[in-house]
Amino acid sequence: MGPFEILCGTAAVILALYYFFTSTFNFWVSRGVSGPRPIPALGNFKDVMLNNISVGDYLAEIYEKYKDEPMIGIFARKTPVLVLKDLDLIKDVLIKDFSVFASRGMPTFEKAEPLSQHLFSLEPKRWRPLRIKLSPVFTSGKLREMFSLISECADNLVQYMEKLADKQEPVECRELTAKYTTDVIGSCAFGIEMNALSNEDSEFRKMGRKAFTPTWIALLRIRLRQMFPWLYEISGYILPQTETTKFFIKVIVETMEYRETNNITRNDFIDMLRELKKNPDKLGNIDMTDSLLTSQAFVFFGAGFETSSTTISNALYELALHKNIQDKLREEIDKAYEKHSGDLKYENIKEMNYLDRVFKETLRKYPPATFLMRESTSNYTFDGTKVSVPKNQIVWIPIYAIHRDPHNYPKPDEFDPERFTEEAEQSRHPMVYLPFGDGPRKCIGARFAIYQTKLGLVKILQNYRIETCEKTPIPYVNDPRSFLLTPKGGMHLKIRKIN
């Protein structure tokens, strides 16, 4: 083969690859949807893939750039993704036309990632019956029963913090609060003493770190999963299960078997999984494998400790920056303790209005998940527009950008709990506040997360003052490698005991 033939062959390969990677790039233009120009093979996610910017920050940038558009068309590599901005259209997707957008569009991998088969990711066929069966674990009645257990874990947190306060050194608050929320999940949901606060070598805390710490191996797995899902699933037949997967399947299966053998009933999350395993017919034709059952426990554990611990540490950060708000909240806490003779119950936390405002403003400014995903299950035309999308169209709702939009929240970078007075909330569109999502696929554990976060804050602030230190992240920079919204370099604060 001569040089000319080699040159022609090379050119043909390059052109074929170029066509493959750009063949979808007229998708949004043909539908009259504006958006940034994509790059072959990378789409609009070059900086996200290179970890130069977080997804939340990137979506906020294009949200602002196309501020007069109701929607923005982007590409994840060559896959068209629709970013919705119009609040009424968002409400249609999440609530009114939920039946068309019941899927999150997140694939599950039974071999490569057995614990991906959880409520957050499952397709509608398996999600619906599982959601119905697991919902009773999260009722207000169940929370009342769990409240004393959460309170006990919060008391252990206060005791643990005393040792840290005595050292008078900066404290990494995300790690501190993750130990608390790990213990809460273990005690309330699984009936297992996880001992994350009392034992530095707690296996559950180690596994929690491994599941959510963005190591290069974890990032490589994510990129492989995103770019070559078929290859990623095949790898599950070759590569051994991760340490985290093996640990959780072993723990959950052994706990269920132990309770069955010893006739132990706690009416908690584990017992609900036991019931599903014994009566799979109640879920239709779903195969209740150990990995499917464990996936539900895993997502409750992971989402329960990570999102709540991040929210507590972000609240402490803002309270350290705003001493007046911290003092006002502590005053409400002290009055509540005085009113109820030092014995706070479930209903008493609900009565604390300023605590509620601080909590909501924290999630407004720092929503752990920066965007929601949905996927159409049929062709769909957006109401009041000429934009039609086909079945399996991915739709993103940019929570972080919506929460930081000055039209929704004037001076959005300021921390102002008064945004959440009853009057202020009623004056806004319901879709401008979405930390837990909305509609039928709203976070199933939202109520649980609210109470473990609020009670943790109450116990901390009753006993300690939170201050900034030389290692406090000012300004707060989002970590581009993190799965959830977290500060780059950790959250270091100073803790002082109140005498």
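Y346 and Y451 are both buried. This is a predicted model, so keep that in mind throughout. The two tyrosines form a stacked aromatic pair, 4.5 Å centre to centre, with 15° between the planes. Where do Y346 and Y451 sit? Y346 lies in helix α15, residues 346–350, and Y451 in helix α19, residues 446–463. So the pair ties together parts that are 105 residues apart in sequence. It is one of 24 aromatic pairs in the structure.

Staying with rings. F138, F190, F269, F300 and F448 are linked by ring pairs into a cluster.

Rings also meet charges here. The charged end of K85 sits over the ring of Y63, 4.6 Å from the ring centre. R404 lies over the face of Y366, and there the distance to the ring centre is 5.7 Å.

Y63 takes us to helix α3, residues 55–65. Which residues of α3 are buried? They are G56, Y58, L59, I62 and Y63. These residues cover an arc of only 160° around the axis, which puts them on the same side of α3. What do they pack against? The partners are α2 (46–49), β1 (71–76), β2 (79–84), β7 (394–397) and α17 (399–403).

Next, cysteines. The whole structure was searched, and the search finds zero disulfides. Take C153. The nearest cysteine sulfur belongs to C188 and is 6.2 Å away, so C153 is in no disulfide, the cut-off being 2.5 Å. C153 counts as buried, at 7% relative accessibility. C173 is in no disulfide either; the nearest cysteine sulfur is that of C469, 8.5 Å away. C173 is also buried, with a relative accessible area of 1%.

Now salt bridges. How many are there? The count comes to 31. I will take three of them, then a network.

E64 pairs with K67. The closest N and O atoms are 3.7 Å apart. E64 is partly exposed, at 43% relative accessible area. K67 counts as exposed, at 52%.

Buried or exposed? K142 counts as buried, at 19% relative accessibility. Buried means under 20%, so K142 falls on that side of the cut-off. E145 is exposed, with a relative accessible area of 55%.

R496 lies in strand β9, residues 492–497, and E467 in strand β8, residues 464–467. So this pair ties together parts that are 29 residues apart in sequence. R496 counts as partly exposed, at 36% relative accessibility. E467 is partly exposed too, at 27%.

Last, the network. Which residues does it join? Salt bridges that share partners connect R259, E260, R266, D268, D271, R274 and K278.

To recap. The stacked pair Y346 and Y451 links α15 with α19.

Note on methods: Residues numbered from 1 in each chain as written. Predicted model: local features only at pLDDT ≥ 70, side-chain atom pairs only at ≥ 80, totals over all residues. Heavy atoms only, no water. Phe/Tyr/Trp six-rings, centres within 6.5 Å; stacked < 30°, edge-to-face > 60°. Helix = DSSP H or I, 4+ residues; strand = E, 2+ residues; numbered from the N terminus. Buried < 20%, exposed > 50% of the residue type's maximum accessible area, 1.4 Å probe, protein only. Lys NZ or Arg CZ within 6 Å of the ring centre and 35° of its normal. Arc of directions from axis to C-beta. Contact = heavy atoms within 4.5 Å. Salt bridge = Lys/Arg side-chain N within 4 Å of Asp/Glu carboxyl O.
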